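Hi everyone, thanks for making the time.

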Amino acid sequence: MNIGKAAPLRTHKRREDDPPAEPVVGAEKDAGFDTVADLVADLVALTELVPPDRLAAARGRAGTGSLAQALADEGVAQADGIAAALARRYDLPFVELGGSALPMDATGSIPVATLQRAEAVPIALVGDRLRVAVADPGNIHAIDELRLSTRYGLDLVVAVRDDIFHEIEKLTRNAELNETQSALDDVLVVEDDEDDLEAEDGVSDAPLVRLVNSIIMQAAGDGASDIHFAPQEDCLVVRVRVDGVLTEVQRIPKKMASGVTTRLKVLAKLDIAERRKPQDGRMSLNARSVGRLLDIRLAVLPTVDGESVVMRLIDKSRNMPTLESLGLSETMRARIGEIIRKPTGALLVTGPTGSGKSTTLYAALAEINRPEINIITVEDPVELRVLGVNQVQINVKAGLTFAGALRTILRSDPNVIMVGEIRDTETAKISIESALTGHFVLSTLHTNDAPGAITRLSEMGVEPFLTGSAVSAVLAQRLARKLCANCCEMYMPSVDELLAARITPEIAAQREGMVLYRKVGCPRCNRTGYRGRIGIFQLLIMNDELEALAASGASRAEIERVSAANGMRSLWDDGIAKVSAGLTSIEELARVVTQ
């Protein structure tokens, strides 16, 4: 936790001779400002982030609420800049939260419910003085409530609102965990090798239920794609995957592990008495508090230390992706736009699991979706509902497979067919033949790069001459974490670093003035240095020469050589372009792309 240089720490106190003011930051008459314009002018002068022509919009959005929050919501100013301006305005220190765990003697001095209403969090207790970080020092009612809820005197500091909420959420989770552990201390714990565990029925409001709900909701709020419950010898480790990287968030005592996994199995309607076999299930969750409608796939796997549970969170409420949002270069986006508007052919998107292939397919569908054409998809699962598109959900138990659905789709007069994944020979053959018979096909394939997709189809049993004629282009991709715009720093790379990044020795020797960016870490990105992800791409466009090579059964290396001669860039080259633009770092590029 970093405390910025500011005036000496003092308790918020309004001077008795202050004149009444118009409602400002905290929607309070006695907030200490002369006018709203006074605060606006101060924020502009201090942050230099708010364009004058957008102040009116933010002011209108604020109404009688917080102008500072409205400025952040409008996206016209950085949240930390506004917080720092408020700290200067009220002559209070500005702090950055998230560097270390908050002391329990401080956090336990005010009820969590009060902290949520006041948008505040205690950060230190020194003697009989409690230091409290607030988002809005102008909210007199909230500060008065804080004073009444503790026996300590208050010293106020200012922090970013989102950082405060994040700390309050952690306090809530810890409180629920402690409550659950206390409630279970006197309960007889059933050993793992017994089958008569008296589990939760999924209806009662027991502490275990609240604990599981808290973990899922927190992961949903953090934008996680997966939640892992991994049993160990002495505890149940909870990890979440955010931006493609797993991070440990909690350790649940061993005595509670069976109850947690049983609760999860109840939610997914699985057999709670079966602990020796793997099980798969699903559930739906409307997480209104975080604005996500989730379809959750759950997999239970028996291990030597107990049952491991992995939850895949599929966000069905997310906005439709576009080609512009993927991170494609202007040239690559224009070429893909031309390809997907062709009446026949196939665009294959390749990459490992979790590389964003399905998102790219949805972006392509959004680009060409219009009433004049009939688009049908066959997916497992349907991750995003698309208005005006006929989407088919695979159901293996009912006998509906990719190949079976494709045969029926071809009799349904489609113009465009999207196949979620080419998994077997029959699906591959039907997809490629469809691309030759008056349809445009979009699909995914698991290969390391674009040239490998051509040879992979031949290995799956598709005739090479069909592959060469049917495939219009192959797009290989990876997902790299984006550098946090709030904390990344510029640096001058050394010659060795440039050479390691495949920069030519001639250019590396002339590195004067060349700058790159690297991660630092701040509360906004949970000290990771990264926030969000961006695509790294490689586009292979078929031409007569490549079609002849594919038809003759040429090797992947030969196809790659000819494609490169025709202008195809490697994944690494596209990644270096994004490193140079300050979007990601060399370390992150090396993590996701094999040189």
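Let me start with a cysteine. C484 is buried, at a relative accessible area of 2%, and C487 is buried as well, at 11%. For the terms, buried means under 20% relative accessible area, exposed over 50%, and partly exposed in between, with a 1.4 Å probe and protein chains only.

Before going on, some ground rules. What you see is a predicted model, where local features need pLDDT of at least 70 and side-chain atom pairs count only at pLDDT 80 or more, while totals for chains, interfaces and linings use all residues. Residues are numbered from 1 along each chain as its sequence is written, and side-chain values use heavy atoms, leaving out hydrogens and water.

Back to the cysteines. How many disulfides does the structure hold? The count is 0, a disulfide being a pair of cysteine sulfur atoms within 2.5 Å. C484 is in none, and the nearest cysteine sulfur, which belongs to C487, is 3.8 Å away.

Now, how far can we trust the model? pLDDT is the predictor's confidence in each residue, from 0 to 100. The chain has a mean pLDDT of 80, with 79% of its residues at 70 or more.

Two stretches deserve a flag. Over residues 5-38 pLDDT stays under 50, and the model has 72 contacts beyond four places in sequence for them; a contact means heavy atoms within 4.5 Å. Residues 43-49 also stay under 50, with 14 such contacts. Where pLDDT is low, the predicted coordinates should not be read in detail.

Now the overall picture. The secondary structure of the chain comes to 22 helices and 20 strands. Of its 595 residues, 48% count as buried. Taking contacts in the chain with a separation of 6 or more, 64% are between residues 24 or more positions apart. The accessible surface is about 28,300 Å², and 49% of that belongs to carbon and sulfur atoms. Those areas come from the Shrake-Rupley method with a 1.4 Å probe, and for residues only the protein chains shown count as cover.

Let's zoom in on helix α4, residues 79-89. G81, I82, A83, A85, L86 and A87 are buried there. The helix is followed by D91, which has a positive phi, near 60°. D91 is a residue other than glycine, and it lies in the loop between α4 and β2 (95-96). Buried or exposed, then? D91 is partly exposed, at 34% relative accessible area.

There is another positive phi to show you. D413, also other than glycine, has a phi near 55°. D413 is in the loop between α13 (402-409) and β15 (416-419), and at 62% relative accessibility it counts as exposed.

Next, two prolines. D380 and P381 are joined by a cis peptide bond, with omega about 0°. P381 is in the loop between β13 (375-379) and β14 (390-393). The other proline is P343, in the loop between α11 (330-340) and β12. P343 is exposed, with a relative accessible area of 64%. What does P343 contact beyond its neighbours within four places in sequence? The partners are N415, G438, H439 and F440. The C-alpha atoms of P343 and V441 are 9.5 Å apart, although 98 residues separate them along the chain.

A search of the whole structure finds 1 cavity of 30 Å³ or more, and the largest cavity has a volume of about 30 Å³. On a 1 Å grid over the protein atoms alone, a cavity is a set of points where a 1.4 Å probe fits but cannot get out, and lining residues have an atom within 4 Å of a point. Grid points are joined across faces, edges and corners, and the volume is the space filled by probe spheres set on the points. The lining consists of D80, F94, E96, D163, N486, P523 and R524.

Let me pick out D163, in helix α8 (residues 161-184). D163 is buried, at 8%, and beyond four places in sequence it contacts L97, P523 and R524.

That's my tour, and I'm happy to take questions.

Note on methods
Helix = DSSP H or I, 4+ residues; strand = E, 2+ residues; numbered from the N terminus. 1 Å grid on protein atoms, 1.4 Å probe; cavity = no way out; pocket = protein on both sides within 12 Å on 5 of 7 lines; lining within 4 Å.
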